[in-house]
Amino acid sequence: MSLFSLRSATTLWPPVLLGSQFVFNIGFYAVVPFLAIFLRDDMLLSGGLIGLVLGLRTFSQQGMFIVGGALSDKYGAKIVILCGCIIRVAGYLLLACGQSLFPIILGACLTGIGGALFSPSIEALLAKTGTQSEAKGKRSRAEWFALFAVCGELGAVLGPVAGALLTGLGFRQVALAGAGVFVIALVVLYFCLPATPHSKQVLKVLPWWTTFRQPRFVAFIIAYSSWLLSYNQLYLALPVEIRRSGGSEQDLGPLFMLASVLIIAFQLPLARFARRVGAIRILPVGFLLLAAAFASVSLFAATEPPEGWLRLLPSVCLVTLLTLGQMLLVPSAKDLIPHFAEASTLGAHYGALSTAGGCAVLAGNLFFGPLLDHALVPSTQAIYPWLLLALFPFCSALALPVICRSIRPSRT
């Protein structure tokens, strides 16, 4: 492990972390949004197997977040970030070179595990350097995280565009290019991140399953998990709708760019609006927007798509409403977690929230993958998968006010 500290930087320059988030998102969004199309068209997999692969990718990342944070605390952020980059490169290489289902599944899981290692570690470094900056009277920690989010979204804008431009060469070439991005990031971060000392304490990961002793919190994370299930349909269901409308994988780039532009433009205003209204009141609104996203596609699913750009109107509605719902939901829900937890168990509660979402995506994708095969062509049967997808966030919108009714709203 000491090899990682040779000839490295001695101080941390915060823009390195902002740049890493930008590059990481380019490498991610250039590859993963196109994975479902590759699995269907090149690997000739059924909807059920596509749902399995995408579900395992999300589960391997969400479920490992708490482990990645604990490893960062024990061994230092730098080595965990570099290991995460190496693991994601290995995952992309398997996606590029795998000829059968097993290496493709393994590659998808490795991409998720890599993200679970480097994402919490980079955020921990940013929190530390932001605290130091704030103590010196310079940019505050909140401002650094705001810049971090903007850089991430800029990468999320450019990533799908780069992926769409490369799709003419084939998905395997896109995956190789994504691996190249993370190799470059690995080399740059090796020299630019300062070595961090190892902790002598025994590695401890507070078991997130202990949080299941709280029935109200269990109900909360079950209801909230339909958000991650819904938002991950950008990777599973959106390519199906594009196929129904006669589009191609090149249409994915502008649609993901639309989502990122919406987040850059409206995340802060919507966050301020949500604070004024209150998290408990805003959560049902966010889930109703998710339900409306899928219901809007069901209105078009049985009809032949029109000519020209109007054929993408259902996809635009899906992306727009899902993104608006996400911007309202995520900050509000995470703000409520301290109401369920003591300070010493916050990590376990946030870990349980992520893990529950990963489980929902895995189970939901296995269920909806075969159903979405019926939505590939315009027909009456194509309506039902979208209505079922709308049902889950709709139920969450009804359940959360009941679950959270004993929480006293915070004053802002």
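This is a predicted model: local features need pLDDT of at least 70, side-chain atom pairs count only at pLDDT 80 or more; totals for chains, interfaces and linings use all residues.
Is Asp-251 buried or exposed? Hold that one for a moment.

Arg-311 and Asp-251 meet through their side chains in a salt bridge, 3.3 Å from N to O. Arg-311 sits in the loop between helix 12 (279-298) and helix 13 (313-336). Asp-251 sits in the loop between helix 10 and helix 11 (252-277). So the pair ties together parts 60 residues apart in sequence. Now the answer. Asp-251 counts as buried, because its relative accessibility is 13% and the cut-off for buried is under 20%. Arg-311 is partly exposed, at 22%.

Next, helix 2. Arg-243 forms a salt bridge with Asp-41, and their closest N and O atoms are 2.6 Å apart. Arg-243 lies in helix 10 (residues 233-244), Asp-41 in helix 2, so this bridge ties together parts 202 residues apart in sequence. Both ends are partly exposed: Arg-243 has a relative accessible area of 36%, and Asp-41 comes in at 32%.

Stay on helix 2 for the last pair. The side chains of Asp-373 and Arg-40 meet in a salt bridge, with 3.0 Å from N to O. Arg-40 is in helix 2 (residues 35-41), while Asp-373 is in the loop between helix 14 (346-372) and helix 15 (383-403). These are distant parts of the chain, 333 residues apart. Which end is buried here, and which is partly exposed? Arg-40 counts as buried, at 15% relative accessibility. Asp-373 counts as partly exposed, at 28%.

Notes: Residues are numbered from 1 along each chain as its sequence is written. Side-chain values use heavy atoms; hydrogens and water are left out. A salt bridge is a side-chain nitrogen of Lys or Arg within 4 Å of a carboxyl oxygen of Asp or Glu. Helices (H or I, at least four residues) and strands (E, at least two) are DSSP runs, numbered from the N terminus. Buried means under 20% relative accessible area, exposed over 50%, partly exposed in between (1.4 Å probe, protein chains only).
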